[in-house]
Amino acid sequence: KSLRDWQAYNDCRKKIDDFLEILPLLQALSSKDMRPRHWQQLMQITGVQLNLAEDVFKLIHLMDANLLKVGEDVEELTTGATKETQVEKKLGEINDDWADQVFEFGNYKNRGLVILSMANTGELIEKLEDSQMALGSMATNRYSAPFKEEVTSWITKLSTVSEIIEMWLIVQNMWMYMEAVFSGGDIVKQLPQEAKRFQNIDKQFMKVVSSAIETRNVVQTCYGNELMKGLLPYLTEQLELCQKSLTAFLDTKRAEFPRFYFVSDPTLLEILSLGSDPQAVTPHFQSGLFDSLTEVTFDKADKSKMLEMFSQQKECVKFVKENNGILEPAPVFAAGNIEVWLQALVDGMQGSMKGIIKMANRNVNEMDLETFIFGHPAQISLLGIQFLWSADMQGALSQAKNDKSILNKAMKKTDSILKEMIALTTKTNLTKNDRRNLETCVTVHVHQRDTSEDLLKKKVKDPADFEWMKQCRFYWREEQNTVIISICDVDFEYSYEYLGVKERLVITPLTDICYVTLSQALGMFLGGAPAGPAGT
C-alpha cells in the first residue's frame, strides 16, 4: 500500500493505463486494411511525419505520435479502411465475374449457332441486374470515394451491356419471326420488296452474331464495340419497317377473308405461308377460322378437292347441295389464293348445312323419331325437333279459339316425343356421339315441354300473346328459303355454321330472360356481355 505514495509507482501506473488505452488503436492500425493513403491521413491527423520504410518504422514512433489525443479520429480512420476494403473486395469480385462471362449460342433450324441461348442469357441478365444493384449502392457509399472512377467505369460498362443485350434480344426475336415468314412459301412471292429487305437484314444480323462468336466475352462484345452499337439500332429500324409492311399485308388479307380477324398475326402468317398446300392448313382450322370444323377429307386423285368435313368429335358431314328435294355431292375445291379457297370452304360448309336442314324440315314430319335423330348431323337433329315443336305450338295457338282441345293435343304430342327420346337413351348400342346428340335433344325438348305446359296453364290462345312470343321459335320459311329464329319481335337468320356434336346446359327461366334481353339488344344493333360459365 505504501508503494502507491511513490512517484515512480504513479508514473508506472499512468504508463500502463495509457498503453492499455492506446492498444486497441495500435491493433486497428496494424490491420491489413491500412493502405498508404490511410497512413498519409494519419500523419495529417496527428501532425507527426512518419517514415514508413519497413526497416525504419517502429512501434515507438506511433507511441510518440500522441494517438490518444486524436483517438476518435484514428478510430474513424481505421473503420473507414475496413469499409473501403469491403468495397474493394466487391469490386474485385465484379471484375473477376465479368472477366469470365461469355455468350452461349444455340442452334436455329439449319442455320447453325446463331441465336443466344435462352437459359444462359436469362442467367446473364439476372447477374447483370445483381451487379448493377451492387454498383448502385457502392456509388452512394461514402467509403467508395477512393474507387469512384472504377465504380463509374463499371456502371457505364454494365449499363451498355444491358442496353446491347436488350436490343439484341428484340432484334433476335423479330429476326426469328421474319425468318420463318420469308424462308419460303407464298409470302415471298407476294411481298418481293420486303423479302429483299429481309435478305439484307439477315446478312447484317449474321455479322453481329459472327463478331460475338469470335469475341465471346460479354463485356468485350458489348462495350466499345462499334459494330454492335451501330448495327443493332439499324436492324431494329429495318425489322420494324418489315413488320409494318407485314401488318398492312395481313390487314388486306383480313379484309378479303374476315375470319382472319380472329387469328393472331404469327398464326395467320404461318397459314398464309402454307396457302399452296391446303392439307397443311387444316391443323389451323381451330385457330379461329371455324367453330367446330377441324378436318376435311381430300380426294385421293385430286388433292385440291374436299369431299367431307369433320367436327372435333369426329362427326362426318359430306359437302352436298339440295336439288329438287335430293341431296347431291358438291365438293369444294382448294384453288387460287388461300383466302379465296377458305371462303369457298365456308360457302361449301354453309351450303351443305342449309341443304341438309331444308331436307330435315320435310323429314321430321315423315320419319320416325329414332331414324330422324340418328340419321342427321347432331345440330340438324336438334333443329328438326325445334322446327317440329315450334310448328305444332304455333298451329295449335292459331286454332285455340275455335278448338279448345287442340292445345291439349299439342301438349300430349310434345310429351310423347320426350318419352320416346328418353326410351332411346336406354339403348346399349349407341355411340358416344349418338348419346351426346340424344342428351342434347332431351335437354332442349324438356324445356319445350315445360313451355307448352306453362302456356296451357296460363290458357294462352293467341300466337301473338307475349307468353308465346318471348319463346325461342324456329321456322323454315319457304318464301325466304332459310331458317328464321324468332324471339319477341326480332327475327334472326340462321348462320349455317357447322357446330358438330355440342352439349347444352339445362335451360332455366333466367336463360330465357337472357335470350329475350340479348335478342332485343341485337335487334337494336346493340351488344351484350353474358358473364359466368353459363353466360347468365
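Before looking at any helix pair I noted how axes work here: they are lines fitted to C-alpha atoms, for helices over the stretch in contact, and angles run from 0 to 180 degrees between N-to-C directions. Helices (H or I, at least four residues) and strands (E, at least two) are DSSP runs, numbered from the N terminus.

**Ground rules.** This is a predicted model, so I kept in mind that local features need pLDDT of at least 70, that side-chain atom pairs count only at pLDDT 80 or more, and that totals for chains, interfaces and linings use all residues. Residues are numbered from 1 along each chain as its sequence is written, and side-chain values use heavy atoms, with hydrogens and water left out.

**Overview.** I found 19 helices and 11 strands in the protein. Of its 536 residues, 43% are buried; the scale is buried under 20% relative accessible area, exposed over 50%, partly exposed in between, with a 1.4 Å probe and protein chains only. For contacts (heavy atoms within 4.5 Å), I looked at those with a separation of 6 or more, and 64% of them join residues 24 or more positions apart.

**H5 and H6.** I started with helix H5 (residues 118-139) and helix H6 (residues 148-182), whose axes come within 10 Å and cross at roughly 150°. H5 and H6 are therefore roughly antiparallel to each other. My cut-offs: under 35 degrees is roughly parallel, over 145 roughly antiparallel, 65 to 115 roughly perpendicular, and the rest oblique. The crossing of H5 and H6 is left-handed, that is, the near helix is turned anticlockwise from the far one by less than a right angle (clockwise would be right-handed). On the H5 side the contact residues include Leu 124, Leu 128 and Leu 135, and on the H6 side Trp 154, Leu 158 and Ile 165 are among them. By class I get 14 nonpolar, 6 polar and no charged residues for H5 with H6. The classes are Ala, Val, Leu, Ile, Met, Phe, Trp, Tyr, Cys and Pro as nonpolar, Asp, Glu, Lys and Arg as charged, and the others, Gly among them, as polar.

**H6 and H8.** Next I followed H6 to helix H8 (residues 192-215), where the packing angle is about 135° and the axes are 11 Å apart. That makes H6 oblique to H8. The crossing of H6 and H8 is left-handed. From H6 the contact takes in Trp 168, Trp 175 and Phe 182, among others, and from H8 it includes Phe 198, Asp 202 and Phe 205. I sorted the residues of this contact into 11 nonpolar, 1 polar and 3 charged.

**H15 and H16.** Helix H15 packs with helix H16 (residues 406-424) at an angle of about 165°, with 8 Å between the axes. H15 and H16 are therefore roughly antiparallel to each other. H15 passes H16 in a left-handed crossing. Trp 389, Asp 392 and Met 393 are among the H15 residues involved, and Lys 413, Thr 414 and Ile 417 are among those of H16. The tally for H15 with H16 is 11 nonpolar, 2 polar and 2 charged residues.

I also checked the length of H15: its 22 residues at 1.5 Å a residue should span 32 Å, and the end C-alpha atoms are 32 Å apart, which agrees. The expected span is 1.5 Å times one less than the number of residues. In H15, 16 of the 22 residues are buried, so the helix is largely enclosed by the rest of the structure.

**Gln 386.** Is Gln 386 buried or exposed? Gln 386 is buried, at a relative accessible area of 6%. Neighbours within four places in sequence aside, Gln 386 touches Val 444, Gln 448 and Phe 474. Gln 448 is 62 residues from Gln 386 in sequence, yet their C-alpha atoms are 8.3 Å apart.

**Loops.** Gly 288 sits in the loop between helix H12 (278-281) and strand S3 (295-298). Gly 288 is partly exposed at 27% relative accessible area. Outside the four places on either side, Gly 288 is in contact with Arg 259, Phe 262 and Val 263. Its C-alpha is 7.1 Å from that of Arg 259, 29 residues away in sequence.

I then looked at phi. Most residues other than glycine have a negative phi. Lys 314 has a positive phi of about 70° although it is not a glycine, and lies in the loop between strand S4 (305-310) and strand S5 (316-318). Lys 314 is exposed, at 54% relative accessible area. Asn 481, not a glycine either, has a positive phi of about 55°, and its loop runs between strand S9 (473-477) and strand S10 (482-487). Asn 481 counts as partly exposed at 30% relative accessibility.
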